[in-house]
Amino acid sequence: MHGRVKVKSTAQQEEEKKKEREKKLKIYVAARDACFSKRKEGIFDDEALQISQQLLSSNPDFATLWNYRREILMHLETVKDEDELQKIYVAELSFLESCLKVNPKSYGSWHQRLWVSTRLPKPDWARELNLCDRCLSLDDRNFHCWDYRRMVVKMSSVPVDQELAFTDRLIGSNFSNYSSWHYRSTLLPLLHPESPEPPSPCRKPPQSSPPPSPQTLSHRVCEEQLLKEYELVQNAFFTDPNDQSAWFYYRWLLGRAEREEMISCVYVSRDEERVAVAFSRPVNAEASGLLLVLDGQPQRVEWRSVHPRFKHSPVWICDLPPGTISDIPYEHNLTVHWTEKPTHRDCALYTGRSESWCRDSATDQELFRSELSVEKTSVLQSELQSCNQLQELEPLNKWCLLTIILLMRALDPLGYEKETLAHFQTLKEVDSMRSAYYSDLCSKFMIENTILKMEYAEVRVFSISDKNLTTLCHLDQLLLVTHINLSSNQLQRLPPQFAMLQCLEVLEADNNSIENLEGVYHLPKLEEVLLKNNKISSLSDLQPLASCPMLKRLDLRGNPVTQTPDIESKLAELLPSVTNLLL
């Protein structure tokens, strides 16, 4: 038996490990308590720095200790000269590097490094960039490092084209680097901004010029560079069709600039003596300076959103003083000023007219599509052809199918409507977990198409029945609609945005699954509501209808609420204006 190593039993090993852990814990707790005592007593000395450093070396996510270290360092700033501070902060950066080796995604360590770098008397930004490069080479999705790198780039004025080249390198080595694709999307509008004036050639800003401010930046890229980006991203998804990073970036490329901020429509009703204003985006009219001028005289009116739930809304209304425009034989001229922009829109209420409106003659490009040049149209057609080829090789690739849909919508949403619906059906089958998302997205596109058809026909009737709609959107575009048909869909509610239909007279929504009518609120012209075969189960669900003063006809056949005892008398009390009730 001589010369053989004695092997300890498992129980002995566990007992020794337990004692070692307890010993370390006692040391850790004693050091922690010492730090807390020093902080409580307001002691900011080198010993406190050393103790907190020992603790943070083993646990770099102790936020209280980082706060204490910052307090100590700020105290030292008041008693040390610049050279001494430089040495102290450089030492802190070296310590932080060791913490990041323990946990490269430590919130506390990265936050402390950001704080130290901004207070360093003589920062070495090149060294910090090098650190970011090393961290990202180990984990190219370390979002803490990406945030820190953006700060370093901003503070050191690294040229935008140099950073774009950096994303080229990372994407070239790994097409799946989503962070690099995203960073690229923030750099391109700076380097190749979309020009507001046609044509839009790529023009790099002069090196001496500061980057455009966020207020003036269009967030879109000029056409020449877009065409190059299409080629880059196509290489990525043909290399790995199932990687989502490049597909997401491609969706960003296909996106369009936001609509110009403006008053898109002014509507005035002589009967209700009411003015409705539609904006190109949700606004707070109470805070953004909305002024109504009638026949040259500013009016003291109270603007309100169409629904109490909205502080920001695309549609706002106001009531004029009684008798202001009720005189049929007279003409009135209104102007709505939006002083925040500033912009305005005029509207004339002619003799004998009970209502009038002034709005843009919206085209499909202005509403839902980007304006496409001949060159870009040709390139997108080529892109669509390439994606169709890829889809033949990868028929169950959801990213490819969704991108084909987006390309079709960018090129011709009405012309490709049939193909789009077929692709959505395939998407629901191959990616059933996201079937509801695809149904909602398909509903959105179908509503857009219906609005386009309505615009071309210049009618005030919106009919989209039997289209399997699961949601409603773009309701701010339907301010002037008088008749809407939503029958035979899969709708479960009429959302608060439905209150934007201020001219609505007839609502058809038979054969859905509607159980919530919250959006049917204060519609001043609504006379007829058809809700056969839905899921309205209680009188409280019908309460919003009580705010519609002109409601005359209501059809509730096939709804659970009709089984309520004394339903007719209760409805007569709730809706006294209804003279034609069908149960």
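The model is predicted, so local features need pLDDT of at least 70 and side-chain atom pairs count only at pLDDT 80 or more, while totals for chains, interfaces and linings use all residues. Residues are numbered from 1 along each chain as its sequence is written, and side-chain values use heavy atoms, with hydrogens and water left out.

Let's start with charge pairs. The structure holds 35 salt bridges, each being a side-chain nitrogen of Lys or Arg within 4 Å of a carboxyl oxygen of Asp or Glu. In one of them, Arg-127 meets Glu-97, with the closest N and O atoms 2.6 Å apart. Because Arg-127 lies in helix H6 (residues 125–138) and Glu-97 in helix H4, this pair ties together parts that are 30 residues apart in sequence; helices here are DSSP runs of H or I with at least four residues, and strands are runs of E with at least two, numbered from the N terminus. Glu-97 is buried at 15% relative accessible area, whereas Arg-127 is partly exposed at 34% (buried means under 20%, exposed over 50%, partly exposed in between, with a 1.4 Å probe and protein chains only). Both residues also belong to a salt-bridge network with Arg-113, Glu-128 and Arg-134.

Next, look at Arg-460 and Glu-355, whose side chains form a salt bridge at 2.8 Å, N to O. Arg-460 sits in the loop between helix H16 (435–457) and strand S10 (461–463) and Glu-355 in strand S9 (residues 355–359), so this pair ties together parts 105 residues apart in sequence.

Finally, the cysteines: the count is 0 disulfides, taking a disulfide as two cysteine sulfur atoms within 2.5 Å. For Cys-265, the nearest cysteine sulfur is that of Cys-358, 7.6 Å away. Cys-265 is buried, at 5% relative accessible area.
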